[in-house]
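Let's take a walk through a protein structure together, one stop at a time.

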Amino acid sequence: MSDDSLVSGLRETDQAILRRLREWAEKIIQTAQTEKRVYMEVPVRTFSNVYYDEEKGIIQMGERVAKREFLNVGHAKKFLQTSLVAASIKDLVAEGITTSLRDVYYRIKHTIPGTKENTVDDQRESDKAIEDLETMLGFVREQMHVFSKGGKGKLAGPVQIEEIVPDPDGGKPRIVETDGEDVGMGGWAIPPIAEPERVKIKKVEAEFVLVVEKDAVWTRFHEDRFWDKHNCIIITGSGQPDRATRRIVHRLHYEHKLPVYVMTDADPWGWYIYSVYKQGSINLSYLSPTLATPDSRFLGLTISDYHDFNFGKEVKIKLTDQDRKRLKEMRRYPWFKHKAWHREFDLMEKEGFKMELEATSSKYFRYITKEYTPAKLEAKAFLP
Amino acid sequence: MAEKDMFREFKEHSVAEFFKKNKQMLGFSSKIRSFTTAVHEFVSNSLDACEEAGILPELYIEIQKLGDDHYLLKVRDNGPGIPPNIAPKVYGKLLAGTKFHRMIPTRGQQGIGAAGVTMFAQMTTGKPVHVKTSRGDGRIWEMDIMIDVKRNEPIVKNRKSYEGNWRGTEVVVEMKEVTYNHSKYSAYEYIRRTAIANPHAQITLIEPDGTRTVWYRTSFEVIRMAKEGKPHPLGITVDDLMTIAHFVTKARKVSSMLKNELEAFGDKSAKELEKLVGRELLEKNPADLQWHEAEKIVNALKQMKFRAPSTDVLISIGEEQIKKSLRANLKPRYVATVTRKPKVYSGGIPFLVEVGVAMDGDIKGFELMRYANRAPLLFEQGACAITQAVQSIDWKRYGVQSLNEANIVIFVNIVSTHIPYVSAGKQAIADVPEVVTEIRNALMEAGRRIKEYTSKVSQMKELMAKKRILDHYLPELSAALARILEKDQKEIHAILSSALEERYRKLKELEAKIGAGAEE
């Protein structure tokens, strides 16, 4: 693919967004004239409109749509906020600027003339408006030039990446190439926007993707050149992964057919993070089709591993009441309805302890990269 | 002074002395109240007479100022007229008695009677009252009437009769030490409230400055004449019994007096009473009955059992008529009215309560209108059970945050053959538990209805207030959409604003509908 076609891809999406925004605004004006009502139709994003799509293996958003009416005083403020954010997005896209959610918040925040009221008082309000626009317009905010904090995700391994960096001053976008094997200790920082318009995954020689929950454990794998020895790409989202990290995992799987294995602590929170990579989250259910990787497999840790690998009892951490409560909730999630998982839940509950990835160092520092992980990969001992 | 003492004095002293000493209690106290009392006596006589004769009342009241604290009052009605031989008694004999023992819920119960006005006029101006009356038989009678204060008998002067086609009674009286204004104790207020509680009457008032006010009737129903009943033994008071014994009965013995004059009191009751009070007392001549003896009988009666009193003598105004009248006279936005079923208090006295609650519209502030048998009670508001009942209601439950800050008129009419007054002044209802409970029940029933209205109003108010916010949002929204569409902001604003105005219009229409007919 030539540089020009990469750049034109970005322009095409931008043009499509501007068109879609115009249609969206026109519809508001049209219905105001014909129906004497001022409304927008916002897909419902509450838990009640979220379901587990068993066939696809992802959490999906339902069909329900709510009318947000400007003339309904209860909706008016949100309506205004959504429109102000939409106008800001129009400016961003038209001018080719990329900015953060926080910037958008400050951009639209001001006192409404004639009142003592602010357009927004809390960033959560503008964030929600953006999420509403994503569902209404059918573009994710990253495509609309808006990112969150970002910088949580890291990657290393045999993969060639190209980033397209737009120039707000109207110049030609820069193209930055990265070789995933030629990165420092910090790896390649996954940029906050990992959409195909911005990030091209070019050459992939790796055979699988290994996602490591924790940043520190990932560093162990990186320093040990695990990616070289096992021909894989190692990724971490530093805990709860941001959208871009999930997007990259998703794209490596779908664009390059790489199997995805996930490693987390053996505790309810770690296991939930696995499910976020795999099925998506309840909050961002509408993004599951582009963020989730339902074919992911769980490599470890499990309570069974504790026994199988003969860890000493000093690595055990007693379950808290909160852990037990969370475990109970997880049992009810349809996407955890596998016998294998329920056996692990039972085991954890019965034995009453959890265990961290770092606990593998109780044997010796490099135990996780030298023995534990290779053994699990070799045995294909994965949970669904 | 207790009623007991007042009674004794009336027997022992001349009428003039009696009147002077009891002026306060008879309603002739302050300048303003004296005038109100005079109006009350004449107006209630007129209305009572019309009702008994089945006539739709038409009253003409004229007030002229003759000097400082010096007024002329003229009251004319289209009633049945007074026979020329009876008229002197009506205006020239105090406590003539006719309406003191009758078991009809009349307005006149409240006062001392028209002769009291004659007495007052006579004392302050030395002049008689002038009466003109005709029964519609082609002959009109006119006379001047005074009271012979020593004998409590009428003195008639300038009596004349002539032919004429007219029916009714007109009385003209000149009084000093009175005053007229529009204060809440005034004759004006009395007439206004009378008009409200008597929607079948048309009342014309000419005030000293020539102002003419007509309260047109909103009801064309002739008030049915009450069936006259006898007092029930359980409801009778010592005062009643004394009046009956001394002024009414023709019986020679107390026992036969009781049989003749009381309801549900027969031979069997007489025998039972004899066991309680002794034979001697029952053998006594009623004319010699003493207060303490009457008291003994009344207390004994309370321990006995009697057939329940009949309640069909009670004449209510009715929910519909109160509603119409409050609407016409107060121009409120909402009215709820309740007429309760008759109840009995003290085991024997039938009564019923009706209330109206009118809100907003032309009503400004809080006003409590108290009535006994449709006659307004203007004085002693604080001592009245109606006031206590109204204050004991938790109005917040019905969407009225504070009575004193609301625009609300509360109308309460107590109908009874014997209104339980606090004192001889007869301006405040006593806090008889059964009566208070009924007033409360009626108010709460009305309250539940106004709740629907008040909640709609507050909802709408809230909505309208919030809608004003939209006016401020609109330019912001227009600018945002104009930016996306790259169009002129004014154009977008015009479109959105017209949708907004459309919505406002519908809301305003909806708001206008609240109250009007909402209670139907």
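pLDDT is the predictor's confidence in each residue, on a scale from 0 to 100. For chain B, the mean pLDDT is 87, and 91% of the residues reach 70 or more. Where pLDDT is low, the predicted coordinates should not be read in detail. As for overall scores, the model gets ipTM 0.80 and pTM 0.61.

Now turn to chain A. Its secondary structure comes to 13 helices and 17 strands. Of its 384 residues, 41% count as buried. Look at its contacts with a separation of 6 or more, and you'll find that residues 24 or more positions apart account for 73% of them.

Where do the two chains meet? Here, 26 residues of chain A are in contact with 21 residues of chain B. On chain A's side, the elements that give two or more residues are helix H1 (3–34) and helix H2 (73–95). Sorted by class, that side has 16 nonpolar, five polar and five charged residues.

Let's stay with H2(A) for a moment. At 1.5 Å a residue, its 23 residues should span 33 Å, and the end C-alpha atoms are 34 Å apart, so the two values agree. Just after this helix, A:Gly96 takes a positive phi of about 70 degrees. Is A:Phe70 buried or exposed? It has 27 other C-beta atoms within 10 Å; the cut-off for buried is 20 or more, so A:Phe70 counts as buried. Leaving out residues up to four places away in sequence, A:Phe70 touches A:Val38, A:Tyr39, A:His75, A:Ala76, A:Phe79 and, from the other chain, B:Leu477.

Another helix of chain A to find is H7 (residues 243–256). Its 14 residues reach 19 Å from first C-alpha to last, close to the 20 Å expected. H7(A) is mostly covered, with ten of the 14 residues buried. Among the buried ones are A:Ile248, A:Val249 and A:Leu252, but also A:Arg243 and A:Arg246. After the helix comes A:Lys257, with a positive phi near 55 degrees.

Next, head for the largest nonpolar core, which has 104 residues. Which of them touch the most other members? They are B:Val355, B:Ile414 and B:Ile429. Domain 1 (3–215) and domain 3 (310–520) of chain B both give residues to this core, so it lies between them. Apart from it lies another core, of 94 residues, including A:Ile28, A:Phe147, A:Ile161 and A:Ile235. In soluble globular proteins, nonpolar side chains tend to be buried together.

For a last stop, pick out B:Glu367, in strand E12 (residues 366–372) of chain B. With 17 other C-beta atoms within 10 Å, B:Glu367 is partly exposed. B:Glu367 and B:Val409 are 42 residues apart in sequence, yet their C-alpha atoms are 4.8 Å apart in space.

Conventions: Residues are numbered from 1 along each chain as its sequence is written. Chains are lettered from A and ligands numbered from 1 in the order in which they are written. This is a predicted model: local features need pLDDT of at least 70, side-chain atom pairs count only at pLDDT 80 or more; totals for chains, interfaces and linings use all residues. Two residues are in contact if their C-beta atoms, placed from the backbone, lie within 7 Å. Helices (H or I, at least four residues) and strands (E, at least two) are DSSP runs, numbered from the N terminus. Ala, Val, Leu, Ile, Met, Phe, Trp, Tyr, Cys and Pro count as nonpolar, Asp, Glu, Lys and Arg as charged, and the others, Gly among them, as polar. A nonpolar core is a set of buried Ala, Val, Leu, Ile, Met, Phe, Trp, Tyr and Cys residues joined through C-beta atoms within 7 Å. A residue is buried if 20 or more other C-beta atoms lie within 10 Å of its own, exposed if 12 or fewer, and partly exposed in between; C-beta atoms are placed from the backbone. Domain bounds come from an automatic or database domain assignment. The expected span of a helix is 1.5 Å times one less than its number of residues.
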